[in-house]
Amino acid sequence: VNVTPTAEDEQFRLEARAWLTSVMPEVWGADEMPRALTEEEEYAMRRRYDQALHRDGWAGLTWKREYGGRGGTLTQYLIFAEESAAAGAPEVLNRGGIGVMGPALADCASEEQKRRYLPKILSSQEIWCQGFSEPNAGSDLAGLTTSAVEVDGGWTIHGQKIWTTLGQISDFCFLLARTSQEERKHRGLTMLIVPMRQPEITTRPIRQLIGDQEFSEVFFDGAFVPRENVVGEIGEGWHVALVTLGHERSTHFINRQIRLRREVAELLELIRANADRLPARLVDEIVDIAVRTEALGWTVKSHIARLGSGGAPGAPDSASKVFWSDVWQALTVLALEVEAELGFSVDIPNHAEPDWTLRYLGSRAATIYAGTSEIQKNIIGDRGLGLPR
Amino acid sequence: MSFALDPTETEILETVGEVAAKRLPLSIEPGRSYREFYAEAGELGFFGLNVPESLGGLGLTDFHAGLVAYAFGRELVPGPWLEHLVAIGALSVDGVDGLDALLAGTTLSGELVSRPQGVVGGVEVSGDVEIAPTRVVADVDQWLFGFPDEARGFLLTTVDAGAAGASLVDETSVDLGWRTGLLTLGGARGTVVAEIGAERYREVALLAAGLAAMSEIGSSERVLQDTVAFAKDREQFGQPIGSFQAVKHRLADVYIEIEHARNLVFAALASDDHERERLVPMAKLLADEVYRTCSEASIQLHGGFGFTWECPAHLFMKNALRLRTYPNTGGAYRRAVRERLGLEPDDQTTARTEELV
């Protein structure tokens with residue numbers, strides 16, 4: 001056990017901090033944190049950020065250099081995430097492509113595919129979405145029915161996907177489709193790279209309860225996928241999907257877990273400034289949340305250390321996904337209580353900065369997306385604890 | 001950065017765990033003496049991992065000492081090893097008579113009693129000690145007191161268990177592995193064996209909390225492991241109860257809690273002094289909570305058997321009840337965290353800091 005950062009890592013932190021500080025005005029298009037943006041404005045802003053990251057060599061910190069990455073370590077990735085949160089940097093626009101599907105391609109795709117797709121994911125020239133969930137295959141992902149039928153030169157796709165983040169602006173879909181009917185439903189699935197810009201694909205945005213439309217339903221009515229767009233082996237799509245989900249639940253999630261620290265600090269500031277007007281119970285609750293956030297921070301470091309030394313994503317990562325979402329939800333509940341005691345309005349937007357009402361509502365999704373808490377606990381029970389299924 | 005145990009750490013954990021498991025299978029027999037085990041542990045060097053080699057220890061770190069607490073926690077080794085380790089930590093300074101016997105485990109020390117309510121007479125070397133009834137561990141050869149002295153820091157003063165003027169009234173401790181009592185000293189002879197500064201004294205207080213937290217994590221892991229084994233074995237409705245989500249998810253909840261508490265506790269004890277001071281109060285608070293909730297889950301998931309004397313789950317629950325007050329109460333650590341977070345009014349800050357020691 002060694003928890004002391006190296007001099008190189010501290011140096012990297014200073015460089016990252018300096019760059020982030022210098023680039024934020026360009027990204028936000030103003031000196032200060034932004035007013036509420038429209039969806040289009042937000043996408044444009046995040047795309048600017050992606051481009052700035054790519055231009056200055058900060059994109060794909062852990063990606064290999066030959067695919068446009070920086071060739072750095074997972075520890076640097078963590079440091080950059082910490083500094084990004086501290087600087088108030090936005091999420092990258094192509095976050096699924098950069099954080100989840102790109103790394104899955106790096107693990108499972110052919111050399112040709114990697115050279116073709118990875119650099120453009122990293123520069124956000126090509127936005128990617130993930131075509132896994134279906135209306136009748138959510139937690140039971142392996143029950144999906146979207147089909148890929150072999151035709152001359154490739155595959156034809158029929159079916160429907162849902163909860164497809166950024167589906168409406170994506171150039172490619174990482175599609176898990178059924179290529180043969182097998183008794184065991186995990187078999188017979190294949191991962192395909194589907195070009196989204198074709199008339200046989202319709203995307204319909206889904207309005208979320210917080211009002212925005214980041215998700216889509218995607219309908220495939222005979223869309224065509226060239227033969228060379230199979231990732232991994234035909235019939236081995238479940239494996240590629242698990243690799244993808246592993247990245248989503250481990251390294252990708254770390255960004256959000258790190259951001260929690262900043263939000264805790266924001267609420268602490270509000271409570272500190274008004275401690276004499278708040279019931280002691282609320283002050284105590286922020287102590288518990290701060291303790292748990294600290295524990296999460298070290299646990300994230302432990303994941304980085306484990307993954308960096310060749311460990312595979314697994315039960316510990318699922319544990320932190322659940323832990324993080326619970327703490328985040330508790331934080332937003334507490335924040336609303338604090339705001340209520342202080343006489344803040346709950347209107348949306350409530351013109352308070354940060355907008356805790358929006359965060360409270362938004363955090364409801366955290367225990368659902370990327371594998372619900374219930375599914376994570378199944379994973380922990382089955383794989384971490386070896387309990388019978 | 002690494003949270004995995006290195007080869008030396010793994011070896012310590014395994015060796016300590018094996019010896020403890022072999023000598024003390026998970027059962028606590030009231031009235032049994034554990035002196036033989038303590039002497040063996042001492043001979044094997046378990047009490048001196050973080051003690052400088054020049055003083056007869058192994059010259060490793062506090063984290064290594066924490067691994068002993070972790071392994072002892074896993075096996076629920078009966079006390080007073082924790083208090084003994086802390087006393088050794090306090091007395092690991094040059095020129096202390098009797099440190100060898102403590103390291104050997106042939107003389108057992110009670111905890112460092114912080115700021116006892118009383119006086120030490122004739123402070124030059126030794127004198128008569130008077131204290132009001134104070135809760136201490138029993139089954140020890142000596143007690144250790146830290147009398148604050150304005151000019152000299154803290155006077156570490158030992159009083160022999162058999163000293164004239166010492167009266168110990170046994171309590172019925174809820175924790176079956178630890179006997180405690182109320183000690184009154186009415187002019188018992190004490191010996192000032194060392195003087196240490198406030199800084200060092202504070203480090204010892206943090207070490208005590210860190211070791212207790214390590215023990216809590218080790219015990220929590222053991223509770224989870226045993227409960228998982230039970231859930232795999234016990235069948236109802238024709239299948240193991242661990243296959244039911246209601247059971248599986250509660251076990252997963254325990255796993256999630258332990259996973260995060262352990263990393264915080266490891267980080268607290270493996271950090272440098274500055275960071276340790278920030279982390280230990282948080283680590284102790286979380287470890288207290290996790291140990292208690294996981295022993296509660298264990299009793300629940302064992303069903304009726306969980307509520308019997310025969311099922312070891314209660315031993316852990318009772319141990320959790322005691323450890324959460326050692327070396328200080330949750331309230332004290334909570335206030336320390338509040339202070340760190342800037343949630344305490346300034347005028348109370350100093351008082352709160354002092355309280356931890």
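1. Tyr201(B) is buried, with a relative accessible area of 1%, where buried means under 20% relative accessible area, exposed over 50% and partly exposed in between, for a 1.4 Å probe and protein chains only. Phe154(B), at a relative accessible area of 5%, is buried as well. The two residues form a stacked aromatic pair, with 3.7 Å centre to centre and 15° between the planes; rings of Phe, Tyr and Trp (its six-membered ring) pair if their centres lie within 6.5 Å, and planes under 30 degrees apart count as stacked, over 60 as edge-to-face and the rest as tilted. This pair links distant parts of the chain, since Phe154(B) is in strand β5 (residues 153-160) of chain B and Tyr201(B) in helix α6 (residues 198-233) of chain B, 47 residues apart. Helices (H or I, at least four residues) and strands (E, at least two) are DSSP runs, numbered from the N terminus.

2. This is a predicted model, in which local features need pLDDT of at least 70 and side-chain atom pairs count only at pLDDT 80 or more, whereas totals for chains, interfaces and linings use all residues. Residues are numbered from 1 along each chain as its sequence is written, chains are lettered from A and ligands numbered from 1 in the order in which they are written, and side-chain values use heavy atoms, with hydrogens and water left out.

3. Over all chains, the count comes to 25 aromatic pairs. One of them joins Trp19(A) and Phe80(A) in a tilted arrangement, 6.3 Å centre to centre with 35° between the planes. Because Trp19(A) lies in helix α1 (residues 7-28) of chain A and Phe80(A) in helix α3 (residues 74-87) of chain A, the pair ties together parts that are 61 residues apart in sequence. Both Trp19(A) and Phe80(A) are buried. In chain B, ring pairs link Phe37(B), Tyr38(B), Phe46(B), Phe47(B), Phe72(B), Trp81(B) and Trp178(B) into a cluster.

4. Arg256(A) deserves a separate entry. Its charged end sits over the ring of Phe253(A), 5.7 Å from the ring centre, the criterion being NZ of Lys or CZ of Arg within 6 Å of the ring centre and within 35 degrees of the ring normal. Arg256(A) also meets Glu91(A) in a salt bridge (3.6 Å, N to O), a term that denotes a side-chain nitrogen of Lys or Arg within 4 Å of a carboxyl oxygen of Asp or Glu. Since Arg256(A) lies in helix α6 (residues 237-273) of chain A and Glu91(A) in the loop between α3 and α4 (95-108) of chain A, the pair ties together parts that are 165 residues apart in sequence. Arg256(A) is buried at 14% relative accessible area, while Glu91(A) counts as partly exposed at 22%.

5. The structure holds 56 salt bridges over all chains. Glu221(B) and Arg262(B) form one of them, with the closest N and O atoms 2.7 Å apart; Glu221(B) is in helix α6 of chain B and Arg262(B) in helix α7 (residues 245-270) of chain B, 41 residues apart. Both Glu221(B) and Arg262(B) are buried.

6. Between the chains, the side chains of Glu289(B) and Arg292(A) meet in a salt bridge (3.0 Å, N to O). The pair joins two chains because Glu289(B) lies in helix α8 (residues 273-301) of chain B and Arg292(A) in helix α7 (residues 280-308) of chain A. Glu289(B) is partly exposed, with a relative accessible area of 28%, whereas Arg292(A) is buried, with 16%.
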